[in-house]
Amino acid sequence: MVNTLFIAAIALIITVLFQRSFKSLPKEKWQIIGAIPKEKIDDNKWRGVNLTYYGFFNACAYVFATALFFVLLGALDIPMVIIFTISIALFSFCMPASKMVARIVEKKPSTFSVGGAFFVGIIIIPWMVWLIGATLGKHMGIDLQISSVIAAVAIAYAFGEGIGRLACISFGCCYGKLLSDISPFFRRLFKNRCFIFYGKTKKIAYAHGYDNQKVLPIQGVTAVIFSVSGLLGLYFFFNGKYVAAFFVTVLVTQSWRFLSEFYRADYRGEHKISAYQIMGICSIPYAALIAVFFPTSISQIPDVLKGLQAFWNPGVIIFLEILWLVTFLFTGRSQVTGSTLSFHIVKDKI
């Protein structure tokens, strides 16, 4: 019963968050969260560094996904030191990969790719968990079940990327095609659910000139599909079906990643099938092989109350705060927008 309430609570939070965000984030004021003076231009003007809502929502997505990962593994009585080790090792590979893969595929130094980070992550995570289990786990006398850990990673990823799509909406990237350029069926379906982006500094404006026009809300659709797949993964996870939780989550998210790019208008490479689509579709048979190679040996039913108790720990809270700050600074300092700041005295307040 408690596990079901936990899933329902997450579904409610996600629903409210998406309803508000889909209406607000395409507006111009939801791109830049603030600016910090960097160097002086003249007597009263400074060149600034812009901090973006893109970084804010990315940081929130990382923290939500990581917090959920801690709760899920805590629900299985996995020691906190092992959870920390897996989390830090995974971030050490995936955060740099998000930029490196985008640089290789898109030939742009100032962009990020969650798809690229996921592809790197899904390749290394089973073997990383196996190595940690064979070393630290064995030292602590813990039989680390790989299927349950990778299931938790897949579920956390689904929610993380779902919430992370709010960052794309705020920055105006990963945008869909014009409604006028899609089939009549989808045009009617999204006529009153489309996105209209405002502001010349949003990517959709300076890359395609699609600001102030109705576009397919592909970021919102992706956010919903990924989050629903995460909820489905949670259902399987809390019923002890870890292989199903892992494979179904990967199957839904990566199938949609492949299909969704046919409805996107932003640059994804010179070919009809992008490198990201290839990565996504290749992830599915690889996940199937992993599911077969690392089956569930013991069907332990998770207890979400144990997971919440393990999560409510000063060390975990501090770790998440540091993670939020690092992610925000890593993804939130805009390199494609600039600002000029001036300061003055408000004389009637002296």
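**First stop: helix 2**

Select Ala67, which sits in helix 2 (residues 53–74); helices (H or I, at least four residues) and strands (E, at least two) are DSSP runs, numbered from the N terminus. This is a predicted model, in which local features need pLDDT of at least 70 and side-chain atom pairs count only at pLDDT 80 or more, while totals for chains, interfaces and linings use all residues. Residues are numbered from 1 along each chain as its sequence is written, and side-chain values use heavy atoms, with hydrogens and water left out.

Ala67 is buried, at a relative accessible area of 14%; buried means under 20%, exposed over 50%, and partly exposed in between (1.4 Å probe, protein chains only). Show contacts (heavy atoms within 4.5 Å): setting aside neighbours within four places in sequence, Ala67 meets Phe311 and Leu320. Then draw a distance from Ala67 to Leu5, 62 residues apart along the chain; their C-alpha atoms are separated by 17 Å.

Go to Phe328 in helix 12 (residues 314–332). Phe328 is buried, with a relative accessible area of 9%. Beyond residues up to four places away in sequence, Phe328 touches Ile33, Leu51, Thr52, Gly55, Phe56, Ala59 and Arg333. For a distance across the model, pick Ser274: Phe328 and Ser274 are 54 residues apart in sequence, and 28 Å separates them from C-alpha to C-alpha.

Now select Trp30, Tyr53, Phe56, Phe57, Trp324 and Phe328 together; ring pairs link them into a cluster. Rings of Phe, Tyr and Trp (its six-membered ring) pair if their centres lie within 6.5 Å; planes under 30 degrees apart count as stacked, over 60 as edge-to-face and the rest as tilted. The whole structure holds 24 aromatic pairs.

Which loop holds Asp77? Asp77 lies between helix 2 and helix 3 (80–106). Its phi is near 65 degrees, a positive value in a residue other than glycine. Asp77 is partly exposed, with a relative accessible area of 47%.

The loop here runs between helix 7 (203–208) and strand 4 (214–215). Asn212 is partly exposed, with a relative accessible area of 48%.

Move on to Phe197, in the loop between strand 3 (195–196) and helix 7. Is Phe197 buried or exposed? Phe197 is buried, with a relative accessible area of 0%. Leaving aside neighbours within four places in sequence, its contacts include Pro26, Ile169, Gly172, Asn212 and Val215.

**The whole chain**

The protein chain has 12 helices and five strands, and its C-alpha trace spans about 65 × 60 × 40 Å along the principal axes. A compact globule of 350 residues would have a radius of gyration near 20 Å, and the protein chain, at 21 Å, agrees; the radius is taken over C-alpha atoms, and the globule rule is 2.2 Å times the number of residues to the power 0.38. Colour by burial: 51% of the 350 residues count as buried. Of the contacts with a separation of 6 or more, 78% come from residues 24 or more positions apart.
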